[in-house]
Amino acid sequence: MSVTLDGFPASEGIAWGRVRRIPWGVPSVPHEVVDAGRVDHEVARFSEAREAARERLLELKARTEARLGPVEARIFDPQILMLDDETVVRGTEGYIRDTRLTAARAFEWRMLELKAQWTRTANPMVLDRLNDLEDLQVRVLRHLLGQHDPLDLSDTSGDVVVVAPNLTPSLIAQFDPDQVAALATDQGTRTSHWAILARSQGIPAVVGLGDVCRKAADGQEVIVDGRIGRVVLDPDERDWRVFEERRTRIRLLEEEVEEVARLESVTADGQPVALRANLDLPVEADNARRHGAAGIGLFRTEFLVVGRNAMPGEEEQFQAYRRVAEAFDGDAVYIRLFDLGGDKFPSFLHMPPQENPFLGWRAVRVLLDEPELFRVQLRAILRATVFGDVRIMVPLVNDVEEVQRVRALLEEEEDGLRRDGIPFNRGYKLGVMVETPAAALDAAELARHADFFSIGTNDLVQYTLAVDRTNARLARLFNPFHPSVVRQLHSVARVARAAGIEVSVCGEMAATSLGAFLCLGLDITALSVAWPALPELKKVVRDVRIEDARRAARRALAAATARDVMEALAESIGDAVDLSAYVGRWNLSLRS
Ligand code: PEP
Ligand code: MG
């Protein structure tokens, strides 16, 4: 019998293959001590092993740079930096000298200590770094123990689906994309460094599956649907049929990408809809364009800081923003100020572990507490306003005062640019992300101070329902169709209309057909989604009538449960739309 597992979509695409479990793990190290005379020798061996790891990582970095570009290649920097980290090097050498442990055992002890310190936080970005630390640990230990890299896929005929507890950037860089059809892991998040690399290379991936390693056996057939975050082991006839249908659909869409990109984004009854893209990296801008994005609705700028040991300089930031602004000349590009903390953690801020990082020092709170660090970003964005319709978006706003303080900082930076004779466009817009119930409830007040609203439903759902967005166990409870969320969307949209400012949705729900239909029904006619979802979304938009969407939204607003909301929408959206994703995750029952 087939086994279906639901996790999180981390890299779009659908594929099948045979399971190959990756035996990548920390090797066991025998407990050994050496004679006093061999201590220096062990210290030297440790140094050699670090050197070997560095060479290999630099080689993988160069390979990644050649394949994907310099930004992606920087993903290796944290590990390379860690090789020389005082706490790693001095700590290990101390154990060798003080307790005469072998280099391998001393290094293992030190790593265990560091991991224990880091694990005390629930912050996913720290956990991603933990993942980097483990990768480094395996690499150095294997060298010290004289073990070879176990990652040899040469005996396979391609179509390998790699199944692992978690992966690392350096493992992804070693895979040959022609051989590896897809990836499925127990842990990991969409923001894991390796998941970003998988996306860039077009390898489908599902993360957070919980126990796929335990349930899968080597050689078993498996389907991986990276669009909806589903894995099917030992697929039966029905699973294969669904797979073929979905694959054909995705292929057709891929073939039609350019054609669909040229089509007007307008509902069947003539309502124009602005479909923009969310960007995680500037290199994705070209793909976003090819997929028909009418601008960038959310440019996440954290790629500039995560994994770096210092804030990037103004020129580097300016070039990144300018590049995207120019790629979308004439179309709006919404650049979000750094959303640090929560699940995005830069090492140079030395943030102490927080019990509840998503309720902690995050986004605009960090920005206002550390203005000197963020002035550089404000200046770089202001400079980029000359090269396109650049708009500035503030994350996680709770009240008016925060917007006023950001505006004041921007005005000071404007003065500075004027003094230095550096041009910028004074007419840029400053808006807020509505992603907390506080902001949604206080939207009327915020609208007096903001030029636009962008509703971040990923966070709005998390904060409204008290469901951690990164917790795989709670995935079924993370439901953007919950009546409390629908009502907030409705009221924020109404407030924005009354104030005459644009309102858009840039959370993942906008990429789902029912989510987009709901937004249209609430008269939110600007949506921003991950670029691979754009063609399908445009087809949905062109298929539906805004009048039907409004009627469905009225019914959804009167519904008592998330399921009733989804059913109200599903009944009106028409048969052309694929609703299978909702069935498994949120138990939507479809009319036959
Ligand atoms: C959101 O919260 O919906 C959003 C788009 O921002 P992020 O996912 O980066 O937090
Ligand atoms: Mg958010």
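Begin by selecting ligand 1 together with the 15 residues around it; R300, G456, N458, D459 and R469 are the ones that come nearest. Keep in mind that you're looking at a predicted model.

Now zoom in on R300. An N or O atom of its side chain is 2.7 Å from an oxygen atom of ligand 1. Next, click on N458: here a backbone N or O atom lies 2.7 Å from an oxygen of the ligand. Then pick D459, where a polar atom of the side chain lies 2.9 Å from a ligand 1 oxygen.

How much of the accessible area of ligand 1 does the protein cover? On its own, the ligand has 290 Å², and the protein covers 99% of that.

You'll find eight charged residues, four polar and three nonpolar. Which helix gives the most to this shell? Select residues 457–465: that's helix 18, and it contributes three residues.

Finally, zoom out and colour by domain. Domain 1 takes in 3–24 + 152–248, domain 2 covers 36–145, and domain 3 is made of 256–557 + 564–586. Going by C-alpha atoms, the centres of domain 1 and domain 3 are 28 Å apart.

Note on methods. Residues are numbered from 1 along each chain as its sequence is written. Chains are lettered from A and ligands numbered from 1 in the order in which they are written. This is a predicted model: local features need pLDDT of at least 70, side-chain atom pairs count only at pLDDT 80 or more; totals for chains, interfaces and linings use all residues. Side-chain values use heavy atoms; hydrogens and water are left out. A residue is near a molecule or strand if one of its heavy atoms lies within 4 Å of it. A polar contact is a pair of N or O atoms within 3.5 Å; within protein, one must be able to donate a hydrogen and the other to accept it, and residues adjacent in sequence count only if both atoms are side-chain atoms. Accessible areas come from the Shrake-Rupley method with a 1.4 Å probe; for residues, only the protein chains shown count as cover. Helices (H or I, at least four residues) and strands (E, at least two) are DSSP runs, numbered from the N terminus. Ala, Val, Leu, Ile, Met, Phe, Trp, Tyr, Cys and Pro count as nonpolar, Asp, Glu, Lys and Arg as charged, and the others, Gly among them, as polar. Domain bounds come from an automatic or database domain assignment.
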